Amino acid sequence: MAGKASATPATYSPSPATRKGKPTIYKDGDRDWVRPDGRGFQQCRPAFFRTGAVNAASGSAYAEIGNTQVIVSVFGPRESKKAMMYSDVGRLNCNVSCTTFSTPIRGQGSDHKEYSSMLHKALEGAIILESFPKTTVDVFALVLESGGSDLPVIISCASLALADAGIMMYDLVASVSMSSLGSDLVIDPISEEESYQDGSLIISCMPSRYEVTQLTITGEWSTNKINEAMQVCLDACGKLGKIMRSCLKEATSATSE
Amino acid sequence: MTGLSVGEKLFIQGGIAQDLRTDGRKRLTYRPIYVETGVIPQANGSARVRLGGTDVIASVKAEIGRPSPMQPDKGKVAIYVSCSPTAAPMFEGRGDEELSAELSIALQRCLLGGKSGAGAGIDLSSLVVVEGKVCWDLYIDGLVVSSDGNLLDALGAAVKAALSNTGIPRVQVAADTTGEDQPEVDISDEEFLQFDTSNLPVIVTLTKVGRHYIVDATSEEESQMSSAVSISINRRGHTCGLSKRGGAGLDPSVILDMISVAKHVSEQLMNKLDSEISAAEAIEDDS
């Protein structure tokens, strides 16, 4: 708009110089650092869940927690492949994939092959496999945007999708992760915080039964830290479980109207 | 392995409840551990660990490489486990993919620590030759030759023994290269630097059968487990990695109790392992 250089206010004015090179968010010994999105150390991002995202699936759910978006479809119980042996309990098959556009750099997110087996372990303790013998339930998770703390979001979303599909479970599975950065513990880290972390703790639990289905700790932790982190995470899982339950109730009340 | 009859299952569960397992051990006793080092002459370091019927081999090879641009002052370590069909016919071809991936990731988690490198058992900055340009890439490969339960603990011990047997060749860097060119490196044939393994953790797997935990489960006992927790503990008593595998949910207080039991057991295991490794090294030096 070089011609309209005079008094009329510019229709578009670029915002004041945003720093292109962000300094590291955390330096050793820095006492008063603040999380990039301004949350408290023990504050999780707001969570949004919706079931029924995919019509073709037996059950599905979409979860958006901060910048992390995940969609999960559940197919089944359906006939197990003929090659598999007879089994008098049901089988669970999990698969997690990331879209190529889920990370800031294209194609970088696909090195998490272990997420599929970790999702399987988190869910198998909650599903009543005896209720669908000889058949398989397939859980397919797709990470649309990876904004940090991906696996916990995948696990929570998958258990909602299983509930939406009507698979019998002992309880919903809620999952949160915690990062240790120096001497601080922060819950629900974003990807920037995760890249500086000294250690991480991912816990999946069934809130009503107060049972842990999966716990994974990386990095060096003293027992006190583990204790403290577990208490905070279990509390967060309880609250997340309530949010998931209210989402399911909304879905059923919407369909009954 | 053939299936177990109902009577055998009850025998295993009842024995564990009474602190007397089928092979006469107590709940928190390991099977005898045999360590041999230097079993693979072409590798920079290697070890073979036998834990009862479980037999694993670990080898360490070091190659010159470039450090990653995001961490120019650290070398790289890749850990990979594979299961040989000699252990079980189902491991032929791609049958071992799932188990190998699980074991590889569990070992990586225990030995390499968090993303920033803190708490790692292996000091990656000791692998750097010229910062930003030349570093050592360590390839640690584990092979399961025979499987009778407790693979992760045996692999952890084998990796520890292999790393203490590892000699990294001395490297001379040509001093006159500057700029973007790869410096000329001259690798000496006589091995020098012994790897520092004092920080390496040991892995203790606690298997819950009924209401009790056992250490070092055989594959029969593993078939009766409700869940298992593998904890890696270093010399300072800190947890370097933890993963809960398998089935049923556990009360959080049970997990914390398992961590303290594992700490107690890990001291004995670490001492036993250290003495076995130094004995094995002494035999190798003599021969």
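This is a predicted model: local features need pLDDT of at least 70, side-chain atom pairs count only at pLDDT 80 or more; totals for chains, interfaces and linings use all residues.
## Annotated domain in chain B

An unreviewed UniProt entry carries the annotation "domain: Exoribonuclease phosphorolytic", which covers residues 30-169 and 200-263 of chain B. In residues 200-263 of chain B, 27% of the span is helix and 41% is strand. The end C-alpha atoms of that span are 15 Å apart.

## Helix 2 of chain A

Helix 2 of chain A runs over residues 150-165, 16 residues in total. From first C-alpha to last it reaches 22 Å, close to the 22 Å expected at 1.5 Å a residue. Of its 16 residues, 14 are buried, so the helix is largely enclosed by the rest of the structure. G166(A) follows helix 2 of chain A and has a positive phi, near 80°.

## R45(A)

R45(A) sits in the segment before strand 1 (47-51) of chain A. R45(A) has a relative accessible area of 7% and is therefore buried, the cut-off being under 20%.

The side chain of R45(A) reaches the backbone oxygen of G148(A) at 3.1 Å. Leaving out residues up to four places away in sequence, R45(A) touches a set of residues including D37(A), R39(A), N67(A), S149(A) and D188(A).

In soluble globular proteins, nonpolar side chains tend to be buried together. The largest nonpolar core here has 129 residues, and V139(A) and I203(A) touch the most other members. Helix 5 (residues 252-286) of chain B gives the most to this core, with 13 residues.

Beyond its neighbours within four places in sequence, I203(A) is in contact with residues including V176(A), V212(A), L215(A), M230(A) and C237(A). A second, separate core has six residues, among them L4(B), I12(B), I16(B) and V209(B).

Notes. Residues are numbered from 1 along each chain as its sequence is written. Chains are lettered from A and ligands numbered from 1 in the order in which they are written. Side-chain values use heavy atoms; hydrogens and water are left out. UniProt positions are given in the numbering used here, feature names are shortened, and annotations may be inferred rather than shown by experiment. Helices (H or I, at least four residues) and strands (E, at least two) are DSSP runs, numbered from the N terminus. The expected span of a helix is 1.5 Å times one less than its number of residues. Buried means under 20% relative accessible area, exposed over 50%, partly exposed in between (1.4 Å probe, protein chains only). A polar contact is a pair of N or O atoms within 3.5 Å; within protein, one must be able to donate a hydrogen and the other to accept it, and residues adjacent in sequence count only if both atoms are side-chain atoms. Contact means heavy atoms within 4.5 Å. A nonpolar core is a set of buried Ala, Val, Leu, Ile, Met, Phe, Trp, Tyr and Cys residues joined through side-chain atoms within 4.5 Å.
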